[in-house]
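I hope they are handy while you look through it.

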Amino acid sequence: MGRRPARCYRYCKNKPYPKSRFVRAVPDPKIRIYDLGRKKAHVMDFPLCVHMVSNEIEQLSSEALEAARICCNKYLTRTIGKEAFHIRVRVHPFHVLRINKMLSCAGADRLQTGMRGAFGKPQGKVARVKIGQPIISVRTRDANQAAVIEALRRSKFKFPGRQLILVSRKWGFTKYDRSEFEQLRDEGKLIPDGCHVKYFAEKGPMTNWYKHASA
């Protein structure tokens, strides 16, 4: 018996039902990789950030997330090269779907109806998203903005409902606006930390201050 169509599980109707010691034998989600491209790129390399944001309260299946990830990655790799971007899938499928299986084989002369509203067994996993929640984020250089927007536009077709594509005011994946980031960088108050930065507070032991000043 194949998967039920995702339209059967599109809406957030019930409470979250995660995998736990009580909910066992849950199939693994289809999506296993959440970061693609040049993941270890320095925070200064990719100043532009573009988000695909959900405009509905709904559930996105792990199969749809995997299809959108592949679509976005393929387009960007073909157009700007695999070293020119960093894609991050921002939602994780934790909610377990259930199905009440019925016997509908060729030998049965009539379909089995069963009990209405039965509990069912685990069938797959979905991510629950709210309005305004980022689904996929891409950081890259300013010159690649049009290609990133097109890649996310194509990925939108893998999801039900409405999504928006927004160009962020922030510098890359950091929490600082571009103008603020550049000001703090020029003042030497930012410490690079992978694809993020840490703010150097001047409080604390003098040894930290000397270490930062000499770096």
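Predicted model: local features only at pLDDT ≥ 70, side-chain atom pairs only at ≥ 80, totals over all residues.

1. Which side chain does Glu-63 meet in a salt bridge? The partner is Arg-3, with an N to O distance of 3.5 Å. Glu-63 belongs to helix α1 and Arg-3 to the segment before β1, so this pair ties together parts that are 60 residues apart in sequence.

2. A second salt bridge joins Arg-88 and Asp-35, whose closest N and O atoms are 2.9 Å apart. Here the link runs between strands: Arg-88 lies in β4 and Asp-35 in β1, so parts 53 residues apart in sequence are tied together. Arg-88 has a relative accessible area of 23% and is partly exposed; Asp-35, at 24% relative accessibility, also counts as partly exposed.

3. Both of those strands sit in an open sheet of 5 strands, ordered β1-β4-β7-β2-β8 with antiparallel pairing. Its edge strands are β1 (35-37) and β8 (163-167), each of which pairs on one side only. From one strand to the next, the twist averages 15 degrees.

4. Within this sheet, how many bridges pair β4 with β7? Strand β4 (residues 85-89) and strand β7 (residues 134-140) are paired in the antiparallel sense over 5 bridges. If you want a spot to look at, His-86 stands opposite Arg-139 in β7.

5. There is also an open sheet of 3 strands, in the order β3-β6-β5, again with antiparallel pairing. Its edges are β3 (58-61) and β5 (95-99); each has a single partner strand, so one side of each is left without a neighbour in the sheet. Neighbouring strands of this sheet are turned by 50 degrees against each other on average, direction ignored.

6. In the sheet of 3 strands, β5 pairs with β6 (residues 121-129) in the antiparallel sense over 5 bridges. Arg-98 stands opposite Pro-122 in β6.

7. On salt bridges overall, the count comes to 14. Arg-10, Glu-56, Glu-58 and Arg-162 are linked in a network of them. Another salt bridge brings together the side chains of Arg-185 and Asp-186, at 3.8 Å from N to O. Arg-185 counts as partly exposed at 35% relative accessibility, whereas Asp-186 is exposed, with a relative accessible area of 62%.

8. Finally, a look at the surface: which residues form a nonpolar patch there? Met-206, Trp-209 and Tyr-210 do, with about 360 Å² of accessible area together. Trp-209 is found in helix α4 (residues 206-214) and, at 39% relative accessibility, counts as partly exposed.

Definitions and conventions: Residues numbered from 1 in each chain as written. Heavy atoms only, no water. Pairing = 2+ DSSP bridges. Helix = DSSP H or I, 4+ residues; strand = E, 2+ residues; numbered from the N terminus. Axes fitted to C-alpha atoms, helices over the stretch in contact; angles between N-to-C directions. Patch = residues over 30% accessible without salt bridge, like charges linked within 9 Å, V, L, I, M, F, W, Y side chains within 5 Å. Areas by Shrake-Rupley, 256 points an atom, 1.4 Å probe, with all protein chains shown as cover. Salt bridge = Lys/Arg side-chain N within 4 Å of Asp/Glu carboxyl O. Buried < 20%, exposed > 50% of the residue type's maximum accessible area, 1.4 Å probe, protein only.
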